[in-house]
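Let's take a walk through a protein model together.

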Amino acid sequence: MMHTLTSIQAAQQFAGLTSKWTRLNGHVVSKRWSSSQRPHNVAKRWASSQRPPNLAKRWASSQRPPNLSKRWSSSPNLAGRKSFSALTAFGWREFGGNEAGSVFKSLPCSLAISRRTSAVQAVVATPSPRTDSNADVAKELGFAKIEEQFIEEYKSTAILYRHEDTGAEVISVVNEDENKVFGIVFRTPPKDSKGIPHILEHSVLCGSRKYPLKEPFVELLKGSLHTFLNAFTYPDRTCYPVASTNIKDFYNLVDVYLDAVFHPRCIDEVQTFQQEGWHYELNDPSEDLTLKGVVFNEMKGVYSQPDNVLGRVCQQAVFPENAYSVDSGGDPNAIPDLTFHEFQDFHRKFYHPSNARIWFYGNDDPNERLRIISGYLREFQRNSAAEDSEVKVQKLFSEPKRVVAKFPVGEAGDTKKKHMVCLNWLLSENPLDLQTELALGFLDHLMLGTPASPLRKALLESGLGEALVGGGIEDELLQPQFSVGLKGVSHDDIPRVEELIFSTLRGLIEEGFTDEAVESSMNTIEFSLRENNTGSFPRGLSLMLRSVGKWLYGGDPFEPLKFSQPLAALKARLAAEGTKAVFSPLIQTYILDNQHRVTVELQPDGEKAAQDENFERKRLEQVKASMTEEDLAELARATEELRRRQETPDPPEALKAVPCLSLSDIPKEPISVPNEVGELCGSTILCHDLFTNDVLYTEVVFDLRTVRSDLLPFVPLFCQSLLEMGTKSMDFVQLSQLIGRKTGGISVYPSTSSLRGKVEPSSHIIVRAKAMVSQTADLFSLIRTVLQDVQFEDQQRFKQFVAQSKSRMESRLTGGGHAISASRMDAKINVAGWVSEQMGGLSYLEFLKNLEKRVEEDWPSVKENLDEIRRLVFSKKGALVNLTADAKGLIAAEPHVALLLKSFPETSGAEISNWDIRLPAINEGLVIPTQVNYVGKAANIYESGYKLNGSAYVVSKYIGNSWLWDRVRVSGGAYGGFCDFDSHSGVFSYLSYRDPNLVKTLDNFDGTVQFLRELQLDSDSLTKAIIGTIGDVDSYQLPDAKGYSSMLRYLLGVTDEERKQRREEILSTSLKDFHEFATALEIVKEKGVVVAVASADDIQAANEERPGLLDVKVVL
């Protein structure tokens, strides 16, 4: 991930729509795009992206606002469907403005159930787990036990081993968590920006000594019950983690990954390097030469995104003298300079046990872990890799520096207020002590963590910019940094932004923080740490990434896992010395007096995208001009040979090498979640009796269909206003701090889904909240305050919300064009899609642009619209309250739920609105400044007469993992190619991500029909397809997610009987079902609507090749 995050599924959530479901805030929701604007499941295996969202802090799973660019993230936050998803649930930082309309999409009837119900209880509440690790066994296998500790916070025994022959270090964490995790990490510091670590991360999973096929990784994706399958490239390390609850499956995954990293075929096969990295492509000597490669095209997309450009420039400016001064993900201008020899040498140098950190976690046999590892390590002897991979310390500057760079914007846009400015500090040359590190983490949250935080508030309320940039305090690399700034700034205002940052920091030194602010931050952080709610991201992997942040640099790997004593010490220090004495010196020493400061100014350039394209074009012309006729003929032959290799299936005997479960390993029955349906005060109550470690999770749901269609675009801003404006007795700062002090967080967002067989959608506003059971009264009192007492009076704050939302949507267009394409297509096909697009698609962006002027000129009418939405929505009629806790917690909640419901009127008096609207069903080419394309095509297959069968989930997943993977990604060079079937609306969508092609991709989409008709599957391949689908359906969940998913099924009318039926249909899927589904997809081929988000040149070229293909619309 540049930190690069390669998401396998990723390619299935920030590029890989192979799945039909995704998650909101770490919880499964039936919708395609999460309401926090995160594109999901985007079928590309590799998402070089930001770090797992809420693992940014060593001391907690923290969530940064989406507009805070990670310094080392080279792409959007591509979290895998079952990997990172949206871990946005109430982390250290809160944010508002849920633009993406949260569409309930394709929730299979058996989805959203976990394989077990014990994981949370076991990990959080069990007594000290036993450890069966035997010192004699370890010694016999060549391991020396270095240290053993019991981690009370996670009820885990952790042992650090060192392999005596190689020096490889292993941490074995033993507890009762069934979601077992393995990871192997290598330090991989690059010396240039050719992208070797990133390309190698892609390539090692393309076949190995023991698994000699093209992509065993994809075979695992097809037929595994994994709960995580991924790889990440950071600026200085590469991580390969897997997770599964099934022990047989888990060890299969571990073995494939170990063989992949130590014995990959790619170091002997130049064609893998060409496919994943880069190659010249020439179909005929008379044609133009082109550059292709999965990483090459991925990074072209990354370099088209302004936030990523800023993050990269900041990192390289802060660390000009070490490995962080170059891009481990790869600069598209430098990638074609990488040679195969350099690629081979990098693997030999760094992918060695002497340079490895290995992690195991969960309830499997700790001795078996060592046996598996020993089988690989015993082939090696210690070498100098550990010394060779050390990251050089960046010496602190003696004076501040300034850097000016440019980023691409649309030529037609107004660039006056498009500048970015970010101030960056390197905090220390040496490792910080534990107390200082923890205090700085709290300081970061106090200054920037919530909308009420003073530095964040000052910047956003200044009117100088649209949204924050910078990551605050970052401690994942060798040395900690602090960065903050604004985007959407005019050039003349840049000095004012800088001075505002300094003056605010000086003010904080003088005035300190209020007791309420400190109490709020303390409760928020402590709640997050103790709850340990990582959503769908495995808890063991969260702990691994925290540990590695110290372990990798020779620090104590157990220190980041033990927070209780440091937290108690910080509390005691605050009580004894006062907050000012603790935090003011930190600001003074590490920020204001620190001369290692780099101010980065990013300037918009309407010509940069064209210049980048011209640079590549001229380069290719020069290369071709230097080639002889024989060279050109040989290149055309090599191009055809590579394509033939890419499109030729692996032989059956090679496929059989990859371990696979059998159908007998799969439960026949769907796993149920306790669900008691009742009524209270005229509203529906759902109760889920689950162990939650004394936390109450609740959702209060209101029918949104009473809102007029013209008010729908106001709804995301309305939701944000509820949490970020004040009441008559409290300003929004006081309200925010009260929520932080008394609860684990409150969020409000819209959610919409089609209902099968109906035109009208299911559409709601959901209030989601959590607190300790002992604070239930406070929780529901605050929900009532938020919904009923907040006053829409602050014109300037609302103006900020509009600017922030517009900025987020523009970032979404450049970083997640596939999401815009999908929502736009849905809006042309069904009402639910239209509703969601009004609240989170291109129509919403257009609304925001017009709203800015209206807020200035006619605020009373805007305020009236907000008040009207509240009057129309909040009533007992149609309301639902969802509760997840143990029986004691559920009983304790009832009187407080009753008080809340009684405070609402019986009915709003409004009728259900007629939303029978769709966008015109025309093909569109949406023009943005980009070097890559996002191509979509969709239609409603129910209109062809298709009747839903569970086999559709199997077929859809197989299409994404075979035909589209091979043709759009592997052969076509896109970062991702995938499909999505929404079983509620009937919409079947094809999408590509960071794609060099447009028309060719549409042809590949259409080729799916013939592919299915001619498909022949042996029993093993069919079994894999079924098992992989069940793995998605039985997705691992924590208790709050189980309760949330059960509620969604209730809202969508999905019964237990239907879930059972669909599961039976999945398990009985046959080759005939694949052939019959081809007929259903004919309507997509013949009548599907197309939306491409692309550059003006590529859209023009498509229309020249196929006249009238796309209506052109310039959007950025």
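What is the order of the strands in the open sheet of 6 strands? The order is 27-28-26-29-25-30, and the pairing is mixed. At the edges lie strand 27 (976-981) and strand 30 (1111-1114), each of which pairs on one side only. On average, neighbouring strands of this sheet are turned by 15° against each other, direction ignored. Keep in mind as you look that this is a predicted model.

Strand 26 (residues 934-940) and strand 28 (residues 987-993) run antiparallel and are joined by 5 bridges. To find the pairing in the picture, look for Lys937, which stands opposite Tyr990 in strand 28.

## The whole chain

The chain has 1116 residues, and buried residues make up 71% of them. Its secondary structure includes 40 helices and 30 strands. Among contacts with a separation of 6 or more, 84% are between residues 24 or more positions apart.

## Strand 24, covered on both faces

Is strand 24 (residues 880-885) enclosed or open to the outside? Strand 24 is largely enclosed by the rest of the structure, because 6 of its 6 residues are buried. In a regular strand, side chains alternate between the two faces of the sheet. In strand 24, Leu880, Asn882 and Thr884 are on one side, while Val881, Leu883 and Ala885 are on the other, and both faces are covered.

Strand 24 has partners as well. Strand 20 (residues 683-689) runs parallel to strand 24 and is joined to it by 6 bridges; here Leu686 stands opposite Asn882. Strand 21 (residues 695-703) runs antiparallel to strand 24, with 5 bridges between them, and Tyr697 stands opposite Thr884.

In soluble globular proteins, nonpolar side chains tend to be buried together. The largest nonpolar core in this model has 93 residues, and Ile783, Phe798 and Leu883 have the most contacts inside it. Helix 28 (residues 842-857) gives the largest share of this core, 7 residues. A second, separate core has 73 residues, including Trp359, Phe442, Phe537 and Leu567.

Leu883 is worth a visit of its own. Leaving aside neighbours within four places in sequence, Leu883 is in contact with several residues, among them Ile685, Leu686, Tyr697, Phe780 and Val897.

## Helix 23 and its surroundings

Which residues of helix 23 (residues 732-742) are buried? They are Phe732, Val733, Leu735, Ser736, Gln737, Ile739 and Gly740. These buried residues pack against several elements, including helix 13 (454-461), helix 15 (515-531), strand 22 (745-753) and helix 25 (795-815).

Look also at the start of helix 23. There, a side-chain oxygen of Asp731 reaches to within 3.1 Å of the backbone nitrogen of Val733.

Ser763 sits in strand 23 (residues 762-772). Ser763 counts as buried because its relative accessible area is 1%, under the 20% cut-off. The side chains of Ser763 and Thr752 are joined by a polar contact of 2.9 Å. Beyond its neighbours within four places in sequence, Ser763 is in contact with residues including Phe702, Arg705, Val835 and Trp915.

Asp365 lies in the loop between strand 13 (356-362) and helix 10 (366-377). Asp365 is partly exposed, with a relative accessible area of 35%. Not counting residues up to four places away in sequence, Asp365 touches Tyr251 and Arg371. Asp365 and Ile247 are 118 residues apart in sequence, and their C-alpha atoms are 9.8 Å apart in space.

A disulfide is a covalent bond between the sulfur atoms of two cysteines. How many disulfides does a search of the whole structure find? The search finds 0. Take Cys206, which is in no disulfide: the nearest cysteine sulfur belongs to Cys266 and is 7.4 Å away.

Cys206 counts as buried, at 1% relative accessibility, whereas Cys660 is partly exposed, at 27%.

Terms used. Residues are numbered from 1 along each chain as its sequence is written. This is a predicted model: local features need pLDDT of at least 70, side-chain atom pairs count only at pLDDT 80 or more; totals for chains, interfaces and linings use all residues. Side-chain values use heavy atoms; hydrogens and water are left out. Helices (H or I, at least four residues) and strands (E, at least two) are DSSP runs, numbered from the N terminus. Buried means under 20% relative accessible area, exposed over 50%, partly exposed in between (1.4 Å probe, protein chains only). Contact means heavy atoms within 4.5 Å. Two strands pair if DSSP finds at least two bridges between them. Axes are lines fitted to C-alpha atoms, for helices over the stretch in contact, and angles run from 0 to 180 degrees between N-to-C directions. A disulfide is a pair of cysteine sulfur atoms within 2.5 Å. A nonpolar core is a set of buried Ala, Val, Leu, Ile, Met, Phe, Trp, Tyr and Cys residues joined through side-chain atoms within 4.5 Å. A polar contact is a pair of N or O atoms within 3.5 Å; within protein, one must be able to donate a hydrogen and the other to accept it, and residues adjacent in sequence count only if both atoms are side-chain atoms.
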